[in-house]
Amino acid sequence: MIRLAVVGDPIAHSRSPEIHYAFAAQFGLAIDYQKIRPERFEESVAALIASGARGFNCTVPFKGAAFERCDTLSPVAQATGAVNTVVIEGDVLHGENTDGDGLLRDLMHNLKWRLADARILLIGAGGAARGALPSLLSARPSCLHLTNRTLSRASELVSTRPDAGSVLSAVAGSELSESYDLVINATSAGLREVAPDLPASIISSETRAYDMVYGSNVTAFNHWATRHGARECVDGLGMLAEQAALSFSHWTGQLPETRDVMVQLRQGLR
Ligand SMILES: NC(=O)c1ccc[n+]([C@@H]2O[C@H](COP(=O)([O-])OP(=O)(O)OC[C@H]3O[C@@H](n4cnc5c(N)ncnc54)[C@H](OP(=O)(O)O)[C@@H]3O)[C@@H](O)[C@H]2O)c1
């Protein structure tokens, strides 16, 4: 039995157990995947180690605490300052961050969207944008602009990647004028069913829109982008499945298929 968990607060809404049980079934693996809402993060981690757990996912608000707690970190976790996947090896904790590569797999592998040489606008400068940045840069866009309600946070994020050169820059919402090939909403505005306040000129009939938020209805951002003529709009359910698949592979060495899981998740939202 492979013991796994997801640690977060709130956690009741998490679809992670359902996703990982479906992945385990693909390989005939027996897993026990628990949801944990810690009183104290450190004590929950100690209990997981003592129980012989293979690892755990971390979600809001514990990605930073997991980063601090891990003994070793992958380069992406190091770059993002956040850990969403912990692998337990004896009493050593290894931290990974699969959010960015999960996003990339959904964009490039599932949706077959071309990112190389694309003009990309990333909206947001919180944990999700921070996690997406290294992966998006690795896809070699011609430009990656970051915009955020609080511009200084976008500028700060840009300053973490001096190696990106002129490809990467922070742009105030009021300064945005041209359209992009891909616009990614990495803000939490959609959780309150609003779209970020941005000029419609960022969208053209060639623009693809991706909202990291997902839900039973078309998200507020995708609704806005559709209204302004976007070519295609997709929500973040695929990212959810892909980041989970990458977590699963870190724990088991097996990379699951996500297609059926995405169908199952979508049906569960209805
Ligand atoms: N699909 C997936 O697998 C997946 C994975 C990770 C995250 N997500 C989603 O991504 C979203 C962001 O997560 P996060 O961890 O980055 O959150 P976070 O760290 O709290 O950051 C929130 C971001 O949203 C911006 N924001 C909030 N309300 C806004 C509004 N009304 N208008 C414009 N901008 C607004 C914030 O701007 P300020 O800096 O100005 O406050 C900040 O940039 C969440 O909705 C989360 O559910 C999805």
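The notes below take the ligand site, the helix pairs and the backbone in turn.

This is a predicted model, in which local features need pLDDT of at least 70 and side-chain atom pairs count only at pLDDT 80 or more, while totals for chains, interfaces and linings use all residues. Residues are numbered from 1 along each chain as its sequence is written, and side-chain values use heavy atoms, with hydrogens and water left out.

**Ligand site**

- The ligand has 21 residues around it, of which Ala128, Asn148, Arg149, Thr150 and Arg153 come nearest; a residue counts as near when one of its heavy atoms lies within 4 Å of the molecule.
- By class, the shell around the ligand holds 10 nonpolar, eight polar and three charged residues, where Ala, Val, Leu, Ile, Met, Phe, Trp, Tyr, Cys and Pro count as nonpolar, Asp, Glu, Lys and Arg as charged, and the others, Gly among them, as polar.
- At least two residues of this shell come from each of helix H6 (127-138) and helix H9 (237-252); helices (H or I, at least four residues) and strands (E, at least two) are DSSP runs numbered from the N terminus.
- Polar contacts, meaning pairs of N or O atoms within 3.5 Å, include one between an oxygen atom of the ligand and a backbone N or O atom of Ala128, at 2.7 Å.
- A polar side-chain atom of Asn148 also lies 2.7 Å from an oxygen atom of the ligand, whereas a polar backbone atom of Met212 is 2.9 Å from a nitrogen atom of the ligand.
- On its own the ligand has 930 Å² of accessible area, and the protein covers 78% of that area; accessible areas come from the Shrake-Rupley method with a 1.4 Å probe.

**Helix packing**

- Two packed helices are described by the angle between their axes and the distance between the axes; the axes are lines fitted to C-alpha atoms, for helices over the stretch in contact, and angles run from 0 to 180 degrees between N-to-C directions.
- Helix H5 (residues 99-110) packs against H9 at an angle of about 120 degrees, with the axes 7 Å apart, and the two are therefore oblique to each other, given that angles under 35 degrees count as roughly parallel, over 145 as roughly antiparallel, 65 to 115 as roughly perpendicular and the rest as oblique.
- H5 also crosses H6 at roughly 45 degrees, their axes coming within 7 Å, so that H5 and H6 are likewise oblique to each other.
- Helix H1 (residues 16-26) and helix H10 (residues 259-269) have axes 10 Å apart at an angle of about 150 degrees, and are therefore roughly antiparallel.

**Backbone geometry**

- Most residues other than glycine have a negative phi, and most peptide bonds are trans.
- The peptide bond from Asp9 to Pro10 is cis, with omega near 5 degrees, and Pro10 lies in the loop between strand S1 (2-7) and H1.
- Val60 and Pro61 are likewise joined by a cis peptide bond, with omega about 0 degrees, and Pro61 is placed in the loop between strand S3 (55-58) and helix H3 (63-69).
- Lys112, a residue other than glycine, has a positive phi near 60 degrees, and is found in the loop between H5 and strand S7 (119-123).

How values were computed: Polar contact = N/O pair within 3.5 Å; in protein donor to acceptor, adjacent residues only side chain to side chain.
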